[in-house]
Amino acid sequence: RSVPVFAIQGYAPICLGLEDFYTRRLYLRIQDCFNRPIASAPDSWIDVVKRYSKDNNKTLHRTSETSHCINLGSYNYLGFAAADEYCTPHVIESLKKYSPSTCSARVDGGTTKLHAELEDLVARFVGKPAAILFGMGYATNSAIIPSLIGKGGLIISDSLNHNSIVNGARGSGATVRVFQHNSAAHLEEVLREQIAGGQPRTHRPWKKIIVIVEGIYSMEGELCKLPEIIAVCKKYKAYTYLDEAHSIGAIGKSGRGVCELLGVNTADVDIMMGTFTKSFGSCGGYIAASKEIIQHLKKICPAHFYATSMSPPAAQQVISAIKVILGEDGSSRGAKKLAQIRDNSNFFRSELHKMGFEVLGDNDSPVMPIMLYNPGKIPAFSRECLRRNVAVVTVAFPATPLLLARARICISAAHTREDLIKALEVISKVGDLVGIKYFPFEPQNA
Ligand code: PMP
């Protein structure tokens with residue numbers, strides 16, 4: 001998400017000039033709004049440490065005092081991150097049995113029964129023949145992409161793909177081209193140009209072509225136009241790589257992500273990547289694909305050989321969460337959570353629209369950025385929300401283009417309607433204060 005993205009969008013000269021000022025000086029100050037220690041689990045409410053307090057002489061002191069805030073900042077989409085009646089006892093058991101770490105790579109002593117079980121379960125859940133686990137979501141992209149493609153290959157990446165994909169693509173040695181965000185038409189243009197290579201259309205100068213997209217774009221809240229993108233990939237015989245960090249578990253009737261929601265056959269997506277850090281309330285990541293691809297990764301991927309395997313209690317947390325989602329815990333809690341996150345997200349989004357905010361993203365998506373635009377509004381919005389006990393994450397350059405700063409709301413199934421109404425009241429008040437209701441709602445007969 002750095003220079004090439006801005007170059008396409010025409011921001012390059014401004015961004016390069018201001019990068020040092022913005023990231024080193026202003027951003028460090030902005031972080032003060034939210035980058036504070038958290039003193040509780042990332043549930044629907046969290047305890048945020050107030051870093052400083054003033055004494056009678058108005059001198060600032062470090063403090064361990066906390067504010068109890070409605071949490072609109074964590075990716076705890078299904079509410080599994082806090083103590084769960086089914087997951088937590090299993091996780092405690094696994095902690096006692098296996099300890100927090102295997103202290104070993106997968107191919108040495110780092111494969112427990114839980115790792116094998118989770119790989120099978122993930123493959124079944126996402127609808128692919130096999131899967132492989134990694135201890136970190138970020139490294140799943142950055143370490144796997146170079147194991148799938150190298151010099152002589154071509155990666156075509158959505159312009160708003162996550163930094164872990166950008167780094168994986170750059171580190172692979174393949175040629176990287178970017179297509180306009182979520183545009184199947186522009187993807188086709190890039191493919192035509194690259195395949196023809198200035199020569200007759202039959203010439204194909206690349207050993208392999210991989211097109212990389214995300215299920216829900218994390219800074220936009222937008223769903224991938226997957227059916228259209230797959231149609232183009234099929235036409236030009238390119239592989240598809242889908243990052244479902246924010247969509248797996250969070251959307252689709254049974255939580256199976258963007259393919260289920262949009263009616264895409266998972267056989268049409270070659271490589272399905274996801275993380276366990278959002279809907280499953282754990283850590284780590286996975287790749288699910290054909291048995292051949294997974295075997296290939298198990299043979300050659302350095303992160304499989306040289307990195308300590310996923311923490312066993314973290315693996316157990318995901319196993320238990322998926323069982324709840326599938327109803328295999330013997331309850332209907334999973335289905336209720338899925339219905340709840342959809343209702344919560346759609347309610348919150350439509351209320352924000354009614355208040356006159358500019359909100360990005362699609363219905364059903366639990367990620368909803370409220371546009372602030374002017375980076376100067378970030379500290380005001382974030383601090384005023386925090387003062388009223390609503391914790392919101394603001395994002396800006398370099399994670400977004402310089403002039404497109406936003407507050408990124410993440411909704412959870414754990415939020416009650418009461419929590420959401422309270423948060424909306426605060427956001428509305430702060431929106432008026434900061435001046436970010438760009439589309440004031442006017443009743444038709446007023
Ligand atoms: N892919 C995407 C699309 C992400 O948004 C993120 C992080 N939020 C990651 C990968 C990295 O995942 P993790 O935080 O689990 O390391």
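**Reading the model**

Tutor: Apart from its neighbours within four places in sequence, serine 94 is in contact with Leu114, Pro312, Pro313 and Gln316. This is a predicted model.

Student: In which helix is the place of serine 94?
Tutor: Serine 94 belongs to helix α3, which covers residues 87-98.

Student: Is serine 94 buried or exposed?
Tutor: A residue counts as buried if 20 or more other C-beta atoms lie within 10 Å of its own. Serine 94 has 23 other C-beta atoms within 10 Å, so it is buried. For the protein chain of 446 residues, 46% count as buried.

Student: What is the order of the strands in the open sheet?
Tutor: The open sheet has 7 strands, in the order β5-β11-β10-β9-β8-β6-β7, and its pairing is mixed. At the edges are β5 (130-134) and β7 (175-179), each of which pairs on one side only. From one strand to the next, the twist averages 20°.

Student: How many bridges join β5 to β11?
Tutor: There are 5 bridges between β5 and β11 (residues 285-289), and the two strands run antiparallel.

Student: Which residues of helix α6 are buried?
Tutor: In helix α6 (residues 163-172), the buried residues are Ser164, Ile165, Val166, Gly168, Ala169 and Ser172. These buried residues pack against α5, β6, β7, β8 and β9 (239-243). After α6 comes glycine 173, with a positive phi near 85°.

Student: Which residues come nearest to the ligand?
Tutor: Gly137, Tyr138, Ala245, Thr275 and Thr277 come nearest, out of 14 residues around the ligand. Helix α5 (residues 137-148) gives the largest share of this shell, 3 residues. Sorted by class, the shell has 3 nonpolar, 9 polar and 2 charged residues.

Student: How is the protein chain divided into domains?
Tutor: Domain 1 takes 3-71 + 332-434, and domain 2 takes 87-326. Their C-alpha centres lie 27 Å apart. The contact between them takes 20 residues from domain 1 and 17 residues from domain 2.

Student: Which elements give two or more residues to the side of domain 1 that touches domain 2?
Tutor: They are α1 (3-9), α13 (333-355) and β12 (367-373). The largest share of that side, 4 residues, comes from α13. By class, the residues on this side of domain 1 are 12 nonpolar, 4 polar and 4 charged.

Student: How should I read backbone angles?
Tutor: Most residues other than glycine have a negative phi, and most peptide bonds are trans. Exceptions to either pattern can then be picked out one at a time.

Student: Where is proline 398 found?
Tutor: Proline 398 is in the loop between β14 (393-395) and β15 (405-410). The peptide bond that leads from phenylalanine 397 to proline 398 is cis, with omega near 10°.

Student: What is the phi of tyrosine 373?
Tutor: Tyrosine 373 has a positive phi of about 65°, although it is not a glycine. Tyrosine 373 lies in strand β12. With 13 other C-beta atoms within 10 Å, tyrosine 373 is partly exposed.

Student: What is the phi of asparagine 389?
Tutor: Asparagine 389, a residue other than glycine, has a positive phi near 65°. Asparagine 389 sits in the loop between α14 (377-387) and β13 (390-391). Asparagine 389 has 15 other C-beta atoms within 10 Å and is therefore partly exposed.

Technical notes. Residues are numbered from 1 along each chain as its sequence is written. This is a predicted model: local features need pLDDT of at least 70, side-chain atom pairs count only at pLDDT 80 or more; totals for chains, interfaces and linings use all residues. A residue is buried if 20 or more other C-beta atoms lie within 10 Å of its own, exposed if 12 or fewer, and partly exposed in between; C-beta atoms are placed from the backbone. Two strands pair if DSSP finds at least two bridges between them. Axes are lines fitted to C-alpha atoms, for helices over the stretch in contact, and angles run from 0 to 180 degrees between N-to-C directions. Two residues are in contact if their C-beta atoms, placed from the backbone, lie within 7 Å. A residue is near a molecule or strand if its C-beta atom, placed from the backbone, lies within 6 Å of it. Ala, Val, Leu, Ile, Met, Phe, Trp, Tyr, Cys and Pro count as nonpolar, Asp, Glu, Lys and Arg as charged, and the others, Gly among them, as polar. Domain bounds come from an automatic or database domain assignment.
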